[in-house]
Amino acid sequence: MQLNSSGLQALVAGAGKGIGRDTVKALHALGAGVIAVSRTNTDLVSLSKECPGIETVCVDWGDWEATEQALGNVGPVDLLVNNVAMLLKQPFLEATKEVFERTFNVNLRSMIQVSQIVAQGMIHQGVPGSMVSVSSMVAHVSFPNLAVYSCTKGTMTILTKVMAAELGPHWIRVNSVNPKVVPTAMSQKVLTDPELARKLKERHPLQKFAEMEDVVNSILFLLSDRSAPTSGSGILVDAGYLAS
C-alpha cells in the first residue's frame with residue numbers, strides 16, 4: 001500500500017515516545033508537514049534531529065489553559081493523531097481520586113481539547129480532514145489492575161463514534177486503532193511478569209504480539225484516502241486476541 005501525504009499538514013499529539021513517535025517518522029517520510037506535540041522536551045529535541053523540518057510543541061496535557069495557548073495558533077491541520085496517554089496501575093478497590101483525575105485529564109480530556117481545536121480549524125478552512133485516536137484493546141476486554149486506564153479507553157471508543165457522527169457533515173472522518181500489546185515502555189508496565197506475558201501471547205490466535213509498525217500502518221491507512229468511506233470505526237490491532 002503506497003501512501004502519499006505530500007502537501008498535507010499533520011498534528012501528532014503524544015509524539016515523544018512509542019506509537020506517536022513512530023507515526024511522526026512515518027508521516028515525515030511520506031512527505032507530510034508534521035507538528036509533533038509532547039510533554040517531554042528532550043523527546044522533541046531528539047525527534048527533531050531524526051526528522052528535520054518538523055515543528056515541535058511542548059505542553060503539559062493535564063493543563064487545559066496551557067494546551068489551549070500552545071495549540072491555539074498551530075494553523076491549518078489536515079490530519080490528527082491522538083496518542084496522548086498515561087498508565088498508572090491500581091487495583092479497582094485501591095483506585096484513588098488523584099490517579100482517576102490525572103489519568104482522565106491526560107488520556108481523555110486532552111483528546112477532546114485537541115480534537116476540538118483541530119476540528120474547528122478544519123471547519124473554518126472548509127477542508128476535509130481525518131482524525132485517528134490510539135485507543136486500546138482494554139476498551140473491549142478486562143485486564144487486571146487497569147480499571148481507571150480501561151475506563152478512559154472505553155470512553156475514547158464511544159467518543160470516536162460521537163465525533164464521527166457530529167463532524168461527518170463537515171467531511172471530517174474520525175476513527176481509532178485498538179492495539180493489544182506492542183513493544184512500548186507503557187506496555188512493559190503491564191507485562192512485568194514473564195509468565196503472564198507468555199500466557200497472554202498464547203491466547204492470541206496468531207501466537208504473537210503486534211509490532212509497532214503494525215499499529216502505525218493502521219493509523220496511516222485510516223488517515224489516508226484509502227479509507228475514505230470509513231468513519232466511526234476502530235481497527236483491532238490485536239493478532240486475533242478479541243476473537244479468542
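How much space lies in the second largest pocket?

## The second largest pocket

About 370 Å³ of space lies in the second largest pocket of this predicted model. A pocket here is an open set of points, on a 1 Å grid over the protein atoms alone, with protein on both sides within 12 Å along at least five of seven lines, whereas a cavity is a set of points where a 1.4 Å probe fits but cannot get out; lining residues have an atom within 4 Å of a point. Grid points are joined across faces, edges and corners, and a volume is the space filled by probe spheres set on the points.

The lining of the second largest pocket is made up of 19 residues, and those nearest its centre are Leu8, Leu79, Leu223, Ser224 and Asp225. Strand 5, strand 6 and helix 8 each give at least two residues to this lining, which divides into 10 nonpolar, five polar and four charged residues. In this count Ala, Val, Leu, Ile, Met, Phe, Trp, Tyr, Cys and Pro are nonpolar, Asp, Glu, Lys and Arg are charged, and the others, Gly among them, are polar.

## How the model is read

Residues are numbered from 1 along each chain as its sequence is written, and side-chain values use heavy atoms, with hydrogens and water left out. In this predicted model local features need pLDDT of at least 70 and side-chain atom pairs count only at pLDDT 80 or more, while totals for chains, interfaces and linings use all residues.

## The chain as a whole

The protein chain has eight helices and seven strands, where helices (H or I, at least four residues) and strands (E, at least two) are DSSP runs numbered from the N terminus. Of its 244 residues, 50% count as buried, a word that stands for under 20% relative accessible area, with exposed meaning over 50% and partly exposed the range in between (1.4 Å probe, protein chains only). Among contacts (heavy atoms within 4.5 Å) between residues at least 6 apart in sequence, 70% join residues at least 24 apart.

## The largest cavity

Rolling a probe the size of a water molecule over the atoms shows where empty space is left. The count comes to one cavity of 30 Å³ or more, and the largest cavity has a volume of about 60 Å³. Its lining consists of Asn82, Asn83, Val84, Ala85, Asn107, Ser110, Met111, Val134, Lys153 and Met156.

Helix 4 (97-125) and helix 5 (147-167) each supply at least two residues of this lining, and the largest share, three residues, comes from helix 4. By type, the lining of the largest cavity holds five nonpolar residues, four polar and one charged.

Helix 8 covers residues 212-223, and its 12 residues reach 17 Å from the first C-alpha to the last, close to the expected 16 Å, a span taken as 1.5 Å times one less than the number of residues. Within helix 8, Met212, Val215, Val216, Ser218, Ile219, Leu220, Leu222 and Leu223 are buried. What covers these buried residues includes helix 1 (18-29), strand 4 (79-82), strand 5 (129-134), strand 6 (172-179) and strand 7 (234-237).

Serine 231 is found in the loop between helix 8 and strand 7 and, at 33% relative accessibility, counts as partly exposed. Although serine 231 and asparagine 175 are 56 residues apart in sequence, their C-alpha atoms are 5.5 Å apart in space. Leaving aside neighbours within four places in sequence, serine 231 is in contact with Ala164, Ile172, Arg173, Val174 and Asn175.

## Selected residues

Arginine 21 lies in helix 1 and counts as buried because its relative accessibility is 12%. Apart from neighbours within four places in sequence, arginine 21 is in contact with Gly14, Ala15, Gly16, Asp43, Ser46, Leu47 and Glu50. A disulfide is a pair of cysteine sulfur atoms within 2.5 Å, and by this rule the count comes to zero; cysteine 51 is buried at 2% relative accessible area, while cysteine 151 is partly exposed at 42%.

Asparagine 145, in the loop between strand 5 and helix 5, has a positive phi of about 70° although it is not a glycine, and its relative accessible area of 33% makes it partly exposed. Tryptophan 171, placed in the loop between helix 5 and strand 6, is also a residue other than glycine with a positive phi, near 65°, and at 68% relative accessibility tryptophan 171 counts as exposed.
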